[in-house]
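Me: Please look at the sequence and the structure below. A series of questions and answers will then follow.

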Amino acid sequence: MSETTTTPDTVRVPAPAAIEAPADRTRRLRVGSLMLVFALIGLLLAIFTNGGKATFQLVSGDLQNNLFGVPAQATALILGILGVIAAGAYVLRRVPQSYSGYLATLLGICFIGSFLCWAAAGKTFPLANQFQGTLNFATPLILGALAGVLCERAGVINIAIEGQFLVGAFTAAVVSSTTGSSAAALIAAALTGVLMAALLAVFSIKYLVNQVVLGVVLVVFASGITGYLFDQFLQEDAANMNTPDVLSAVKIPLLGDIPFFGPILFNQTILVYLTYIAVAVVTFVLFETRWGLRVRSVGEHPKAADTVGIRVKRVRYSAVLWAGVLAGLGGAFFTVGYAGSFSKDMTAGNGFIALAALIMGRWNPIGAMVAALFFGFATQLQSQLQIIQTPIPGELLLMAPYLATIIAVAGLVGRVRAPKADGEPYVTE
Amino acid sequence: MARMHLELSGLTKSFGSLVANDHIDLVIEPGQIHCLLGENGAGKSTLMNMLYGLLQPDAGEILIDGEKVAIHSPSDAIAQGIGMVHQHFMLVPVFTVAENIMLGREYTRAVGVLDRKKADALVTELSERYGFEVDPEALVEDIPVGVQQRVEIIKALANNARVLILDEPTAVLTPAEIDELIAVMRQLKENGTSIVFITHKLKEVKAIADTITVIRRGKVVGSAEPSATEEELAELMVGRAVDLVVDKDPATPGDTVLRVEGLTVIDERGFTAVDGVDLEVRAGEILAVAGVQGNGQTELAEALLGLTPIAAGRISLDGNDLTGRTTRDRLDAGIGYIPEDRAHDGFVGSFSVAENLVLDMARRAPFGKGLSLRTDEIEKNAQERVEEFDIRTQSTDLAVSSLSGGNQQKVVLARELSRPLKLLVASQPTRGVDVGSIEFLHTRMVKERDNGTAVLIVSTELDEIAALADRVAVMYRGKVVGVVPADTPRDELGLMMAGASKSEAEVVATENPTTLGTI
Ligand SMILES: Nc1ncnc2c1ncn2[C@@H]1O[C@H](COP(=O)(O)OP(=O)(O)OP(=O)(O)O)[C@@H](O)[C@H]1O
Ligand SMILES: [Mg+2]
């Protein structure tokens, strides 16, 4: 009939630059006002910054050398103004849409910078500790969030990460204490993570139990059983059962010698290195392999996957079980990676924070890692501020990352889209 | 390629007390195009889903080249060389075209790493061979439905199917795309592929079928020759004589009801979808908006309802400004809306038929009272609507998602046509609906017009436009290129749909008469 084909691209012309799609405009104004608020807080902090010098400690524990001082107020002011310029440029559409991410990042850095100048004015801020601590807090969060990414990309909601952490932490402590082998401890933790995952998988995939309720039940179960075993055995015989070896740091040659970042990033335990590797591997597997394609398809449109001959349930099982490995290792970090002993409910809600990181990272492994690092940074900052004593109570600051999560999840910052079939069991007739 | 002789023998499938397929026998000869005709809910999709392994038959067997085969899942069907294009798209929207096509049969290098180059090459090769234009790297959610349909077909072809099932593939296609598809089907047939083709468009059946089988209420009721007239086919399907063209008196338009001035809509990607459109619809007339899919009609309809924000312009109903008002305000002001994509925007699949029939009226008497719903009234209403619109469902308590494709459509139509309206906006109102129901719906919309409602119909079907319209507005690239009388020749409309102005179209159409509208 008519000669035209129907792709809108050939039919539609880009709107003149002066006209903005209404949805974009709303988003720009919403995100923009949020950015402005942050920029202005940054500026306000700068104004209230004491004169004098803010000193940053660049090597952990070294109070004499390797210090880096800046004039506190001047630096804070410069950063504050830069932040306002970044936010303003976004709101007033002074840069192309595609650069807006950089503006937001710039603002974030400026904000944290002014904040640190304000907090450290006239004092010494242990910057190396700050980064070291960030990594410590973030490692289990990253592993947990990766586990969540795998499950939810396959369409199974995993609220039980917290429970997997707990059993992983417990098992690692006991196995390390009794066998003295760190490798055995990590393997055992991964296996118990898989065991929990198997419960999640069977009940959600086979018996179609509501996945949120199921996840919560599994957390309670994990807390109960580890608590019971702790009381029964670990407390009785703490010397033999609850004295795991903490993994020792392994310095990577060359990389570990880079000034400042070297010791922080490349003088770490094997578990931290495994975490880096896991981020890369999960990203690659999910987006570049056959298995990953299938996992994503059953999480988005299981029926479509079924019609091309994919066994939906089988793929979901495998994703949930592999996620169990990651979550179990994340749990092991609490005992053999950090604390050196197990205590009741020691994971303290980190499994749920990992879930928040997953959402804030938009179901993407790299995004989840960045979000986890951000959460870790804020948590560590809070404890540092208590040490150097600032006027803002640390607890208040501890809220900040979760506030940010809520803002992100509420869709204020761009479109957040969960896998389409996330949490929906697949039933065939 | 090996040819396949396929025989379905005594296939039976029940859903609860409903027998959707009752001992169906069907033979699909190698290299033939076998059309399945039947009303909405007759059981066509059910039968094909059994053949493809998505449903398991209660009784009966499937024979390939004389041997009984067990098909427990789609992978069994694929292994036997059966391919299917489903009535509802089976594409993953966030995947690229190439990813969708290789899904389930991925090309990999070592250790399961996807070989995207190879997949892209396959897409390019298949689309060149069949004259499709598809970008392998495009995300499926970003491409228009017509192109998505091509992707579905390429997907089925990629498996080297010996039998290809096409379940209403043309419902969402434009006439040009249908021509393309028919050419592809001929090409496949020449290579020995057998095709089972399901459609409600009798013209297509006549153009391409080798064999026609008619199913009614789960049973095979007969077969027909492609030489049969459309009227004969329609009668065989529905079981009574059907008027393919509605009777209607000339319109007696009253005052202007809908006035649109300078309406501009920018789509999500920043493209101009509707570009300064002015329109008027008067009481008691049907204005049809014609155009090739994707020229802004959908956005125009959505903007009228307030479902898409507008960048500029004014919309008024009976002289009251509606610009910037909420969708609920507009519904309350007396606009009825039949969305184009009813499966997404028209109903809540997991709600019952009865609930869906009062979806936009549940707040008001008689269905809502204070905080509660009057379930007896809702039930009564449901019974009446199901009766009136001939919605085939076992019970009004059943979830709409379990109805057949066409009956789902009818639920939406029944709801929107059952309350007092000033303006009815209907996008593709009869897409996917059988001929008997088209007759009823067309009559119904003309009656709505005669009651003094202003009716705006968006349609890509020239048949439908010819049957219903009093005036035709042709849209091209977001602009109305002209408003012409309903009796404008098809050639002229076709040229205008390709962007010619009214006067240009007149000249060209008289100088080069074409075969437009033969199919
Ligand atoms: N999963 C199901 N549960 C209950 N009833 C069903 C289910 N699937 C189909 N049906 C019923 O079976 C009957 C046949 O449906 P089917 O989808 O095969 O019709 P169809 O011929 O394809 O119609 P259409 O032309 O509207 O697509 C319908 O009455 C439908 O309501
Ligand atoms: Mg059907």
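Reply: Helices (H or I, at least four residues) and strands (E, at least two residues) are DSSP runs, numbered from the N terminus. This is a predicted model, in which local features need pLDDT of at least 70 and side-chain atom pairs count only at pLDDT 80 or more, while totals for chains, interfaces and linings use all residues. Residues are numbered from 1 along each chain as its sequence is written, chains are lettered from A and ligands numbered from 1 in the order in which they are written, and side-chain values use heavy atoms, with hydrogens and water left out.

Me: In which order do the 3 strands of the open sheet in chain A stand?
Reply: Two strands pair if DSSP finds at least two bridges between them. Strands E2 (67–71) and E3 (124–125) of chain A each have a single partner strand and stand at the edges, so one side of each lacks a neighbour in the sheet. The pairing is mixed, and the order is E2-E1-E3.

Me: Which residue of E3(A) is the bridge partner of A:Thr55?
Reply: Strand E1 (residues 53–57) of chain A pairs with E3(A) in the parallel sense over 2 bridges. In E3(A), the partner of A:Thr55 is A:Thr124.

Me: At about what angle to E1(A) does helix H4 of chain A run?
Reply: Axes are lines fitted to C-alpha atoms, for helices over the stretch in contact (heavy atoms within 4.5 Å). Angles run from 0 to 180 degrees between N-to-C directions. Helix H4 (residues 100–120) of chain A lies across E1 and E3 of chain A, and its angle to E1(A) is about 105°.

Me: Why is the site of ligand 1 shared between chains, and which chains are they?
Reply: A residue is near a molecule if one of its heavy atoms lies within 4 Å of it. By this rule 20 residues surround ligand 1, with B:Gly41 and B:Ser45 among the closest. The site is shared because the surrounding residues come from chains A and B.

Me: How far from an oxygen atom of ligand 1 does a backbone N or O atom of B:Gly406 lie?
Reply: A polar contact here is a pair of N or O atoms within 3.5 Å. A polar side-chain atom of B:His200 lies 2.9 Å from an oxygen atom of ligand 1. For the backbone atom of B:Gly406, the distance to an oxygen atom of the ligand is 2.6 Å.

Me: Which helix gives the most to the shell around ligand 1?
Reply: Strand E2 (18–28), helix H1 (44–51) and helix H14 (405–416) of chain B each supply at least two residues of this shell. The helix that gives the most, with 3 residues, is H1(B).

Note on methods
Polar contact = N/O pair within 3.5 Å; in protein donor to acceptor, adjacent residues only side chain to side chain.
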